[in-house]
Amino acid sequence: MAKPVVLHLGDPIKYNHDFYNNEFLARSEVIRNDALDRQSFIQALKDRKYGDFVAIFRPHFQSGGEMGQWDDELITLLPQSVRIFASAGAGFNWADVEALGRRGIWYANGAGASDEAVSDTTLYMILSVFRNFTRAQLAARTVDPDIFTATHKLIATISHNPSGHILGLVGLGNISKKVARKAQALGMEVHYYDVARQSFESEMSLNVRFHDSLESLLKVSDCVSLHTPLNQHTRHLINRETLSLMKPGARLINTARGEVVEEEALIEALENGSLAAAGLDVHYHEPQVSPRLAAMENVTLTTHIAGGALNTRINFELNAMKNILATVGPTGERIGQPATPVNAREVLEYLKAQS
């Protein structure tokens with residue numbers, strides 16, 4: 001009996017060879033995509049070059065994106081046999097996951113694999129924006145004794161301990177729950193806003209306070225940390241209006257997606273002093289970093305490495321395979337759902353309509 005076909009996008013697997021050879025290949029035939037630009041890929045789909053494949057497998061988020069945005073132009077060309085798109089990475093702004101869901105195709109990301117790494121990076125950003133660590137590092141790297149001494153004196157007069165301050169989390173998912181625990185270990189009080197409120201038991205367990213609007217959260221937070229996907233509802237979620245609601249001298253951290261923050265408004269707030277500091281792992285025109293932000297000593301900048309730990313890469317790859325095996329049976333039939341779906345509502349509505 002022929003095994004169901006999986007279309008593999010991007011580089012070969014790198015880490016989980018035993019699972020791949022003994023589990024994944026036992027259940028599926030893997031075909032590598034060799035149409036390495038958008039038009040070639042579109043033509044390959046039109047020609048049904050890969051047959052009736054049942055799953056799309058993208059084990060590394062830094063490769064396999066040569067076809068560009070997964071929009072209706074691509075999605076409508078997929079065979080009806082496709083059950084799941086399983087990808088590495090936590091973000092999915094490059095794919096219209098709702099359109100996939102309306103075709104009954106699960107989109108499963110790498111949620112969970114990067115939780116520890118991203119929450120650690122957020123904690124680093126919190127410490128940096130309160131204690132002015134970037135300013136101190138820049139001064140030390142000048143190897144100029146006068147700058148060293150002046151910065152040593154200055155930072156003691158402008159820095160604060162995070163303890164006793166309010167951390168406002170925009171979005172309370174698995175990553176930000178870990179951030180809450182780690183920030184509380186520093187002595188911070190944690191508040192949050194999310195479109196879906198946690199249960200009373202969960203809030204008590206986490207010791208977090210809910211706000212029913214973003215505006216309410218921003219008004220009380222000494223430091224705001226963003227943990228939300230980028231979509232039509234969250235683009236420019238932080239803008240001139242919302243920044244104006246923040247406490248004078250508050251701090252902003254973004255380890256989510258660059259376009260969640262209106263960059264020009266952020267720069268203005270930092271330049272006029274209404275915002276004391278910012279920590280940015282993600283950038284509006286990534287990989288281009290704003291030269292104006294780069295010149296600011298009160299802005300901590302990293303290169304979208306919040307999830308960038310080897311443990312993350314290993315589990316991104318492994319979880320993508322596991323999500324496919326959980327969803328597709330030995331003859332290509334639906335047998336369940338992935339562990340980390342992001343478009344469950346749309347897929348379940350499709351399945352209900354089909355039943």
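Let's start with what phenylalanine 316 touches in this predicted model. Leaving aside residues up to four places away in sequence, its contacts are Pro59, Phe61, Ala88, Gly89, Ala90, Gly110, Ala113 and Ser114. Phenylalanine 316 itself sits in helix α14, which covers residues 310–327. Take glycine 89 from that contact list: along the chain it is 227 residues from phenylalanine 316, yet the two C-alpha atoms are separated by 6.6 Å.

So, is phenylalanine 316 buried or exposed? Its relative accessibility is 5%, and because buried means under 20%, phenylalanine 316 counts as buried.

Now, over to the sheet. We have five strands in an open arrangement, ordered β2-β1-β3-β4-β5, and the pairing is parallel. At the edges you'll find β2, residues 29–32, and β5, residues 106–108, each pairing on one side only. Ignoring direction, neighbouring strands here are turned by 20 degrees against each other on average.

Last stop, two helices. α5 spans residues 115–131 and α6 spans residues 133–141; their axes are 6 Å apart, at an angle of about 75 degrees. Angles from 65 to 115 degrees count as roughly perpendicular, so that is the label for α5 and α6. Which residues meet there? From α5 we have Tyr124, Leu127, Ser128 and Arg131, and from α6 come Phe133, Thr134 and Gln137. Sorted by class, this contact has three nonpolar residues, three polar ones and one charged.

Technical notes: Residues are numbered from 1 along each chain as its sequence is written. This is a predicted model: local features need pLDDT of at least 70, side-chain atom pairs count only at pLDDT 80 or more; totals for chains, interfaces and linings use all residues. Side-chain values use heavy atoms; hydrogens and water are left out. Two strands pair if DSSP finds at least two bridges between them. Helices (H or I, at least four residues) and strands (E, at least two) are DSSP runs, numbered from the N terminus. Axes are lines fitted to C-alpha atoms, for helices over the stretch in contact, and angles run from 0 to 180 degrees between N-to-C directions. Buried means under 20% relative accessible area, exposed over 50%, partly exposed in between (1.4 Å probe, protein chains only). Contact means heavy atoms within 4.5 Å. Angles under 35 degrees count as roughly parallel, over 145 as roughly antiparallel, 65 to 115 as roughly perpendicular and the rest as oblique. Ala, Val, Leu, Ile, Met, Phe, Trp, Tyr, Cys and Pro count as nonpolar, Asp, Glu, Lys and Arg as charged, and the others, Gly among them, as polar.
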